[in-house]
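Please look over the model shown below. A short report on its fold, helix packing and aromatic pairs follows.

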Amino acid sequence: MTLNPSFEQDLLALLPRLRRFAVGLCGNPADGDDLCQMSLERALANRDKWREGTRLDSWMYRIMRNLWIDEGRATTRRRETFVAEDAGFAVGGDGAQESAVELSMVDRAMQQLPADQREAVLLVMVEGYGYREAAGIVGCPVGTLNSRLVRGRDALLTILGENA
């Protein structure tokens, strides 16, 4: 295996976006950081599978998405055996208290969405991917992604009500 120093540099440049996506998928920063770390580990271990000239960000989002799905399945199996953990939210950040509360409301609303809708909303509305790119990342037709996005956006507006 030949090392490509720009691979690591490109991964580092993607890190803020990957972390944001991971936190959005997981619903809290701690699990998001774990998911982000697992994704980076997998990418580094499989760097020879990434083809130069293709989009590293799309490849990383696919890795992260697959890990998140795997972890969700494992969590479901664990919940069948153990008592559910307390649902706690770590509201914080450096912003004003009002902003933190609003962000927390959006986070909670996002977590109420079905996984496929939450994923579509995160990729298109938060990460700024085009519909075709987002569909490629999740591996579905563009029309399917579009309908997931519309349903997710409508559900968010309903959940958030007049706070939207």
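What does the accessible surface of the protein chain come to, and what share belongs to carbon and sulfur atoms? The total is about 10100 Å², with 52% belonging to carbon and sulfur atoms. The model is predicted.

**Overall fold**

The protein chain has 7 helices and 0 strands. Along the sequence the pattern reads α-α-α-α-α-α-α. The protein chain holds 164 residues, and 34% of them are buried. Take contacts between residues at least 6 apart in sequence: 64% of these join residues at least 24 apart.

**Aromatic pairs**

The count of aromatic pairs is 4. Two of them are set out here.

| Pair | Centre distance | Plane angle | Geometry |
|---|---|---|---|
| F7 and W50 | 5.7 Å | 50° | tilted |
| F21 and Y61 | 4.8 Å | 90° | edge-to-face |

F7 sits in helix α1 (residues 5–26), while W50 sits in the loop between α2 (29–45) and α3 (56–79), so this pair ties together parts that are 43 residues apart in sequence. Both F7 and W50 are buried. Ring pairs also bring in W59, giving a cluster of F7, W50 and W59.

The pair of F21 and Y61 links distant parts of the chain as well. F21 belongs to helix α1 and Y61 to helix α3, 40 residues apart. F21 is buried, with a relative accessible area of 0%. Y61 also counts as buried, at 0% relative accessibility.

**Helices α6 and α7**

How do the axes of α6 and α7 cross? Helix α6 spans residues 131–138 and helix α7 spans residues 142–160. Their axes come within 9 Å and cross at roughly 100°. That angle falls in the range of 65 to 115 degrees, which makes α6 roughly perpendicular to α7. On the α6 side the contact uses Y131, R132, A134, A135 and V138. On the α7 side it uses V142, L145, N146, R148 and L149. By class, the contact has 7 nonpolar, 1 polar and 2 charged residues.

R148 lies in helix α7. Is R148 buried or exposed? Its relative accessibility is 17%, so R148 counts as buried, the cut-off being under 20%. Leaving aside residues up to four places away in sequence, R148 touches D116, Q117, A120, V138 and C140.

Helix α5 covers residues 115–126. Its buried residues include Q117, R118, E119 and A120. V121, L122, L123 and V124 are buried too. After α5 comes G128, with a positive phi near 80°.

How values were computed: Residues are numbered from 1 along each chain as its sequence is written. This is a predicted model: local features need pLDDT of at least 70, side-chain atom pairs count only at pLDDT 80 or more; totals for chains, interfaces and linings use all residues. Side-chain values use heavy atoms; hydrogens and water are left out. Axes are lines fitted to C-alpha atoms, for helices over the stretch in contact, and angles run from 0 to 180 degrees between N-to-C directions. Helices (H or I, at least four residues) and strands (E, at least two) are DSSP runs, numbered from the N terminus. Angles under 35 degrees count as roughly parallel, over 145 as roughly antiparallel, 65 to 115 as roughly perpendicular and the rest as oblique. Contact means heavy atoms within 4.5 Å. Ala, Val, Leu, Ile, Met, Phe, Trp, Tyr, Cys and Pro count as nonpolar, Asp, Glu, Lys and Arg as charged, and the others, Gly among them, as polar. Buried means under 20% relative accessible area, exposed over 50%, partly exposed in between (1.4 Å probe, protein chains only). Accessible areas come from the Shrake-Rupley method with a 1.4 Å probe; for residues, only the protein chains shown count as cover. Rings of Phe, Tyr and Trp (its six-membered ring) pair if their centres lie within 6.5 Å; planes under 30 degrees apart count as stacked, over 60 as edge-to-face and the rest as tilted.
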